[in-house]
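Here is a short report on one protein model. Please look over the sequence and the fold before reading on.

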Amino acid sequence: MRKTKPKKRILLPDPKFHDPEVTRFVNNLMLHGKKSIAYSIFYGAIDMVGEKMKDSDKAPLDIWRKALENVTPQVEVKSRRVGGANFQVPTEVRPERKVSLSMKNMILYARKRSGHSMSEKLAAEIIAAYNNEGGAFKRKEDMHKMAEANKAFAHFRF
């Protein structure tokens with residue numbers, strides 16, 4: 001590439017848990033630059049997770065981390081044109097992209113859920129992902145199935 005790669009921005013830790021990963025999640029959750037609203041949605045969801053999962057010995061933030069880990073895809077398919085035909089080539093996902101995909105999928109499927117507030121919907125999606133179910137987990141499974149089905153084209157890797 002001709003241009004230099006842009007510098008990585010350092011995210012400041014969030015005010016409550018002092019975790020930069022929470023800040024990254026909130027940045028993905030945020031709409032129209034309303035960060036304080038995004039924080040209140042996230043913290044509300046974490047509180048609801050804590051109440052619903054009282055019997056669990058884990059902290060709500062650990063449940064959220066485990067849920068993110070459960071919806072993180074390892075492989076994906078990319079289109080590659082070889083000799084006039086398009087092949088879906090399975091490729092490994094870069095670590096940065098893994099985190100990004102998992103967060104965005106969780107937020108996307110939380111928004112699609114039925115519920116009263118976004119906090120409730122996000123809490124429900126976090127609990128579902130923690131239990132290896134829900135829309136975001138299904139999306140990851142579908143990505144893995146696609147990659148498995150197209151394993152024969154792995155030799156076309158970029």
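## Overall fold

Along the sequence, the protein runs α-α-α-β-β-α-α-α. That comes to six helices and two strands. Helices (H or I, at least four residues) and strands (E, at least two) are DSSP runs, numbered from the N terminus.

This is a predicted model: local features need pLDDT of at least 70, side-chain atom pairs count only at pLDDT 80 or more, and totals for chains, interfaces and linings use all residues. Residues are numbered from 1 along each chain as its sequence is written, and side-chain values use heavy atoms, with hydrogens and water left out.

## Size, burial and charge

The C-alpha atoms fill a box of roughly 55 × 35 × 30 Å along the principal axes. Of the 158 residues, 37% are buried. Buried means under 20% relative accessible area, exposed over 50%, and partly exposed in between (1.4 Å probe, protein chains only). Take the contacts (heavy atoms within 4.5 Å) with a separation of 6 or more: 62% of them join residues 24 or more positions apart.

The protein exposes about 10200 Å², with carbon and sulfur atoms supplying 53% of it. These areas come from the Shrake-Rupley method with a 1.4 Å probe; for residues, only the protein chains shown count as cover. There are 32 positive and 18 negative side chains, and the centres of the two sets lie 12 Å apart. Lys and Arg count as positive and Asp and Glu as negative; His and the chain ends are not counted. Each charge is placed at NZ of Lys, CZ of Arg, CG of Asp or CD of Glu.

## The hairpin

Strand 1 (residues 75–82) pairs with strand 2 (residues 85–92) in the antiparallel sense, over eight bridges. Pairing requires at least two DSSP bridges between two strands. Ser-79 stands opposite Gln-88 in strand 2. Two residues separate the strands of this hairpin, and Gly-83 in the turn has a positive phi of about 55 degrees.

## Helix 4

Helix 4 (residues 95–112) has 18 residues and reaches 26 Å from first C-alpha to last, close to the expected 26 Å. The expected span is 1.5 Å times one less than the number of residues. Its buried residues include Leu-101, Met-103, Met-106, Ile-107 and Tyr-109. The buried residues of helix 4 pack against helix 1 (20–29), helix 3 (60–70), strand 1, helix 5 (118–130) and helix 6 (135–149).

Most residues other than glycine have a negative phi. His-18, in the segment before helix 1, has a positive phi near 55 degrees. His-18 counts as exposed, at 61% relative accessibility.

His-32 sits in the loop between helix 1 and helix 2 (35–52). Its phi is also positive, about 55 degrees. His-32 is exposed, with a relative accessible area of 78%.
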